[in-house]
Structure formats: C-alpha cells, structure tokens
Amino acid sequence: MSFKELYNSQNWEEVKKTIYDKTSQDVEKALASDRRTLEDFKALISPAAVPYLEQMAQLSNQLTKKRFGKTIQMYAPMYLSNECNNICTYCGFSFDNKVKRKTLSEKEIVQEVEEIKKHGFNHILLVTGEANQIVHVDFFLKAIKIIKSQFANISIEVQPLETGEYKQLHEAGVYSVLVYQETYHKDVYKTYHPKGKKSNFDYRLETPDRIGEAGIHKIGLGILLGLEDWRVDSFYCALHLDYLQKRYWQTKYSISFPRMRPAEGIIEPNVIVTDKELLQLICAYRLLNEEVELSISTRESEKFRNNIIPLGVTSMSAGSKTNPGGYAVDTGSLEQFEISDERSAGEIAALITNSGYEVVWKDWDNVLS
Amino acid sequence: MKKLIIANKEFQSRLFLGTGKFGSAKLMEEAVLASGSELVTVALKRVDFETDTDLLLTHLQHAHINLLPNTSGARNAKEAVFAAQLSREALETNWLKLEIHPDPRYLMPDAIETLKATEELAKLGFIVLPYIHADPVLCKRLEDVGTAAVMPLGSPIGSNKGLKTIDFLEIIIEQSRVPVIIDAGIGAPSDAAKAMELGADAVLVNTAIAVAGNPVEMARAFKMAVEAGRLAYESKLGTIRNRAEASSPLTAFLD
C-alpha cells in the first residue's frame with residue numbers, strides 16, 4: 001500500500017475522535033508497554049495524558065539516554081535563497097510578500113560558510129524557498145560542491161524534487177533531506193497553500209517516498225505547529241513515519257517541531273501550541289520510537305530550550321539566521337521567520353555542557369557515503 | 001588469570017569499552033581509566049580529522065589504551081572498506097571493529113556484507129573484529145576468511161537486556177578458534193560476569209557504563225565483574241545438577 005492509499009484509508013474526524021476519546025487507562029497501558037503502537041501514541045498525545053506528563057518526561061529522558069547517550073548534535077541552517085513562487089499564508093517568503101529577494105552567489109556562499117565555520121559547526125542545513133527557475137537541482141549541486149569540503153554532514157530543506165534529482169543530491173554528498181507536510185488536513189492545506197507548486201497536497205505527501213527510493217540516509221518529517229489540531233496532525237505524521245520506516249528500512253528519520261513564529265506579512269497561528277503541549281508531543285514521539293531523531297530549532301524560546309535538553313531531543317540549531325546572507329553577506333535581507341533564541345552557538349554549547357551533555361559537532365564522515 | 005591474546009597482542013584486561021554516549025569527554029576518560037580497559041572503540045564518524053585537537057582522541061592519550069576504530073554508519077562492505085582505509089591512515093592502526101548495520105533502527109549487523117568486508121580487509125592487512133549476530137556458522141565462515149576475533153551480540157545493541165542469545169553464544173565459544181568477545185546488550189556487571197563464566201574471551205560494554213548514574217564507579221564494577229567471571233571460568237565452575245543423586249543407582253547391579 002502506498003502512503004497515499006494509507007492516508008486515504010484514514011478519516012480526519014474519526015482519527016480526531018479516537019484521540020480525544022482516549023482515557024487515563026489507555027495512557028497507563030501505553031506507559032507500561034515496552035513496545036508501543038500508534039494507538040499508544042494516540043493515547044500519549046491525547047488530553048488524557050496531560051496529567052502524566054512528568055512520567056512521560058522521565059521515560060523519554062531514560063529512553064533517549066539509552067539510545068543516544070548524553071549527547072546533543074549541533075547544526076546551523078544556511079539560507080541560500082528566499083525566492084519563492086508559492087503562496088503560503090504563514091511564511092515570510094510567500095510570493096505575495098512584495099519585498100526584495102535574494103539568492104546567494106557562489107562567492108557569497110563561500111563568505112557565509114566562512115562565518116558559519118567560525119562558530120564550530122560541522123553539520124549544515126541548506127534552506128531555500130521554491131523557485132524552480134532560479135533555485136533548482138543544478139543550483140543545489142553547485143552549492144554542495146562549494147561547501148562539501150567544509151562540512152561533515154549536509155542536509156537540505158528545499159522544494160520537493162523528483163527521485164532522480166534526489167539521487168543526484170545523494171551522490172553529491174547530501175546526507176539528509178527534510179520536507180514537512182505542514183498539515184495532513186487536505187482541505188485546510190489548500191487554504192494555506194492556495195498558489196504555486198506547493199498547493200499540490202498529494203505531490204508533497206509522496207515526497208518522502210521519493211527521497212527513500214533515492215537512498216538518502218535520513219528523511220526529516222514534521223508538521224507546522226499552529227495550522228491545525230496538533231494532535232491529529234501529529235498522529236498522521238507518526239503514521240507517515242511508521243509507514244516509511246517499514247518500507248525504507250535502511251533510512252534514518254528525524255522529526256522537527258516548527259512552531260509558528262511571527263514573520264513579515266503573515267497570519268496569526270490558527271492554533272496556539274503551548275510549551276506544555278509541545279513537551280507532551282516530544283515525549284510521545286520518543287515513547288513511540290526510541291530511534292527517531294528529534295530536533296529543536298531557534299524558533300523556540302530560551303527558557304524552553306534551556307530545559308528541553310534532557311527530555312528527548314537529539315539535535316539543536318544555534319545562532320541561526322533565517323535569511324540568505326544572514327551570517328555575513330547581507331544581514332538585513334528578508335528572513336523566513338524571526339528566531340526566538342538569539343544566543344550564539346558558543347552560548348548554546350556551554351548550555352548543553354552545563355546540563356551534563358556532550359556537544360556533538362561531528363557525527364558523520366563523507367568517507368562513509 | 002590467563003592473558004588475552006588477539007592477533008599476537010597481549011591484553012591484561014578482558015573488558016573493552018565503547019566511548020560514545022558519555023556526557024563529556026572527561027567523564028569518558030575517567031570511566032575508561034577506572035575500567036582498566038586497554039582497548040576502546042572510537043566511532044570514525046565522530047572523529048574530526050580536520051583538527052589535531054579532537055576532543056575524543058585527546059582524552060584517550062594514555063600509553064596503555066589502544067584504539068579500536070569502528071565503521072559505524074557503513075551500510076555495506078564497500079563503505080566499510082573505505083572507512084577502514086581512512087581509519088588506518090588517520091589513526092595509524094590496522095585494528096578495526098567492523099560494524100555494518102544497514103538497519104539504523106536496531107543496528108542489526110548484516111551478515112553477508114560483514115563476511116565480504118572481513119575477507120577483503122583481512123587481505124589488506126587489517127586486524128578485523130566484526131560485530132555480528134550470535135550465529136555459530138557465520139563465526140566459522142569468518143574464521144575461514146581471516147578474522148582476528150568474533151564479536152557476537154548478547155542482545156540488541158544498547159538494550160541492556162543481557163545475554164538473550166546465550167544458547168548460541170555457548171555454541172560459538174565451544175567451537176571457536178579465535179577469541180570470542182561478547183559485544184552488545186550487556187546491561188549489568190552480572191551479565192558481564194556470566195559471559196566470562198561461559199568462557200567468553202572478553203566483553204565490550206558501552207551504554208551500561210556511559211549512561212549509568214555514576215559512570216566511573218560503574219566502570220569499576222564492570223572491571224571487577226569481568227575479573228570475577230574469568231577467574232571463575234579458569235577455576236572450573238561446578239556442574240549444575242538438576243536433581244539429587246539417586247540412593248539406589250540403576251547401575252548398582254554391576255557391582
């Protein structure tokens with residue numbers, strides 16, 4: 001069964017009901033189990049699990065230590081371009097946001113890399129909007145060629161591509177590809193993405209399959225927290241993860257938790273996801289899946305990031321700039337969203353160390369690909 | 001106690017340590033020292049070869065500590081052989097813990113690729129210690145292609161579940177011509193002692209020490225357990241009897 005078929009076999013409202021109908025007994029059963037199912041996950045993200053958050057956090061802490069040890073990986077995002085032909089009503093790069101656009105030249109990429117390297121980063125995440133005329137696979141390949149000798153691990157978060165294009169990126173040394181569905185609610189998805197290639201829900205839904213088929217080492221999934229009911233959306237995301245893990249069994253997976261942040265010209269979140277709810281979600285993922293990597297970005301507040309380190313996450317960004325050229329070349333260009341935690345990489349590294357965790361700057365080597 | 005010999009190299013300690021998962025490099029160093037271990041694994045993917053001040057390596061610079069680089073991250077024989085060559089060049093050792101686990105979920109070793117890579121690496125002059133399932137036939141096949149030791153798992157890596165594969169480990173130990181090092185799943189000093197009592201030549205421990213409340217003391221506990229287990233094995237354990245001996249034996253008529 002393809003994921004589209006699996007997705008179509010589920011009904012949003014029914015899924016929602018089963019989550020909200022979960023009882024404390026279901027939660028206790030899920031907590032007591034040592035091999036948890038998607039039904040257990042539903043219980044753990046349900047309102048019935050809220051009183052059990054401390055227990056969930058304790059378990060999440062133990063399971064994460066067992067698998068990943070007391071370590072946190074560090075990465076930096078590098079925005080290559082804010083050109084975008086999509087209208088996404090929540091995004092600073094949205095096509096209808098009439099501001100100056102920028103795509104980094106080769107020389108500018110080198111300058112940005114120099115600045116990022118100064119902070120100790122060895123893992124990098126390349127980000128762009130979707131503008132297929134300017135920012136296409138050849139552009140990515142060129143950028144990767146420029147930066148490859150500088151980074152042990154390269155991830156990209158760009159528009160959905162074809163399998164053959166992902167294969168090219170894999171061969172060029174891309175380790176990981178991130179593509180978030182934003183929301184798994186098909187009708188709501190259409191209202192947030194009215195124009196551009198991204199408005200095709202199904203094409204995006206099947207993107208992780210194409211990444212898996214191309215042999216990319218790691219696939220990053222996520223929903224944009226703030227668009228729809230996070231509980232239902234997260235269940236679909238977990239269903240997607242479960243499907244992919246069984247099919248592309250040689251691939252690693254990561255989940256990110258982007259929570260809507262203010263950006264120029266965008267809407268207010270439809271749903272407010274509180275810190276408590278985000279923690280519940282992070283712990284629920286860890287209890288469902290001991291191996292999945294969980295990532296927290298600088299969208300989150302200092303307070304949340306100070307305290308989340310031992311609770312299930314495995315990687316963090318720091319000192320991030322969300323605009324092309326933001327590190328050195330053009331610090332005032334249009335950013336995708338305002339970050340919340342503005343502390344430098346050095347400060348975050350010290351925070352991690354002081355929490356009794358080791359900062360991992362390098363966990364891959366190009367010789368392995 | 002008898003000394004352990006792998007590929008003509010003598011070891012006083014039969015406890016090998018993994019160096020990942022510790023909260024800091026300093027804590028790792030202290031635990032390694034407390035364990036008395038002389039052979040520690042280092043994940044190649046974690047080592048920063050660009051700088052000569054790699055945190056992990058600088059904390060392992062002690063005369064009695066030998067590095068055993070591992071190929072964690074390799075999904076097939078080809079990737080593992082590449083990684084091995086980099087390791088030999090950069091770390092100046094031809095010792096290698098061969099890890100090929102294409103399954104990033106449970107890190108289950110790939111028998112087919114591991115056999116292939118062992119053969120190739122042995123020909124290239126590596127001292128290969130492959131991480132494998134507790135598969136007695138695979139162990140013999142690895143011997144045939146020149147492995148220096150075998151490292152069967154006790155239970156899934158990082159699981160702390162102990163010696164779930166005990167029946168197969170016993171067969172492997174009984175049949176092996178090369179040292180048998182129980183690699184994964186050892187969760188408590190009692191598991192390590194049990195492995196040594198069975199006649200394993202050594203054990204490799206990481207998670208159980210690295211994420212213990214006090215990793216340094218836990219390393220000491222494992223040191224003692226490994227020594228106790230080995231001493232018990234060499235002293236010949238008594239046979240476990242399931243029933244009392246009959247007072248009127250069936251063979252009494254022969255007297």
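The request concerns helix α4 of chain A: which of its residues are buried, and what do they pack against?

Author: Happy to, and please keep in mind throughout that this is a predicted model.

Chain A contains 15 helices and nine strands. Its radius of gyration is 19 Å, close to the 21 Å that the globule rule gives for 369 residues, so chain A is as compact as a globular protein of that length. Along the principal axes, the C-alpha atoms of chain A fill a box of roughly 60 × 45 × 40 Å. Of the 369 residues in chain A, 51% are buried. Among the contacts in chain A with a separation of 6 or more, 78% join residues 24 or more positions apart.

Now to your helix. α4(A) covers residues 38-45, and it is mostly covered by its surroundings, with six of its eight residues buried. Those buried residues are D40(A), F41(A), K42(A), A43(A), L44(A) and I45(A). Two charged residues, D40(A) and K42(A), are thus on the buried list. As for the packing, the buried residues of α4(A) lie against α2 (12-20), α3 (24-32), α5, α12 and α13 (275-288) of chain A.

One of these partners, α12(A), can be followed in detail. This helix runs over residues 230-247, and its axis comes within 10 Å of the axis of α4(A), crossing at roughly 155°. An angle over 145 degrees counts as roughly antiparallel, and that makes α4(A) roughly antiparallel to α12(A). The crossing of the two helices is right-handed. On the α4(A) side, the residues that meet α12(A) are L38(A), F41(A), K42(A) and I45(A). The residues facing them from α12(A) are R231(A), S234(A), F235(A), A238(A), L239(A) and D242(A). Sorted by class, this contact holds six nonpolar residues, one polar residue and three charged residues.

For contrast, here is another helix pair in chain A. The axes of α6(A), residues 106-118, and α7(A), residues 137-147, also come within 10 Å, and they cross at roughly 45°. These two helices are therefore oblique to each other. Their crossing, too, is right-handed. E106(A), I109(A), V110(A) and V113(A) of α6(A) meet K142(A), A143(A), I146(A) and I147(A) of α7(A). The classes in this contact are six nonpolar, no polar and two charged.

The contact between the chains takes 22 residues from chain A and 26 residues from chain B. Helix α5 of chain A, residues 53-68, gives the most to the side of chain A that touches chain B, with three residues. That side of chain A divides into five nonpolar, seven polar and ten charged residues.

Chain B itself has nine helices and ten strands. With a radius of gyration of 19 Å, close to the 18 Å that the globule rule gives for 255 residues, chain B is as compact as a globular protein of that length. Its C-alpha trace spans about 80 × 40 × 35 Å along the principal axes. Of the 255 residues of chain B, 49% count as buried.

D48(B) sits in the loop between β4 (39-43) and α2 (55-58) of chain B. With 16 other C-beta atoms within 10 Å, D48(B) is partly exposed. Leaving aside neighbours within four places in sequence, D48(B) is in contact with N122(A) and K362(A) from chain A, and with D54(B) from its own chain. A84(B), in contrast, lies in helix α3 of chain B, residues 77-91, and counts as buried with 26 C-beta neighbours inside 10 Å. Again leaving aside neighbours within four places in sequence, A84(B) is in contact with T71(B), L96(B), L121(B) and F126(B).

Definitions and conventions: Residues numbered from 1 in each chain as written. Chains lettered and ligands numbered in written order. Predicted model: local features only at pLDDT ≥ 70, side-chain atom pairs only at ≥ 80, totals over all residues. Contact = placed C-beta atoms within 7 Å. Helix = DSSP H or I, 4+ residues; strand = E, 2+ residues; numbered from the N terminus. Rg over C-alpha atoms; globule rule 2.2 N^0.38 Å. Buried ≥ 20, exposed ≤ 12 C-beta atoms within 10 Å, placed from the backbone. Axes fitted to C-alpha atoms, helices over the stretch in contact; angles between N-to-C directions. Parallel < 35°, antiparallel > 145°, perpendicular 65-115°, else oblique. Left-handed = near helix turned anticlockwise from the far one by under 90°.
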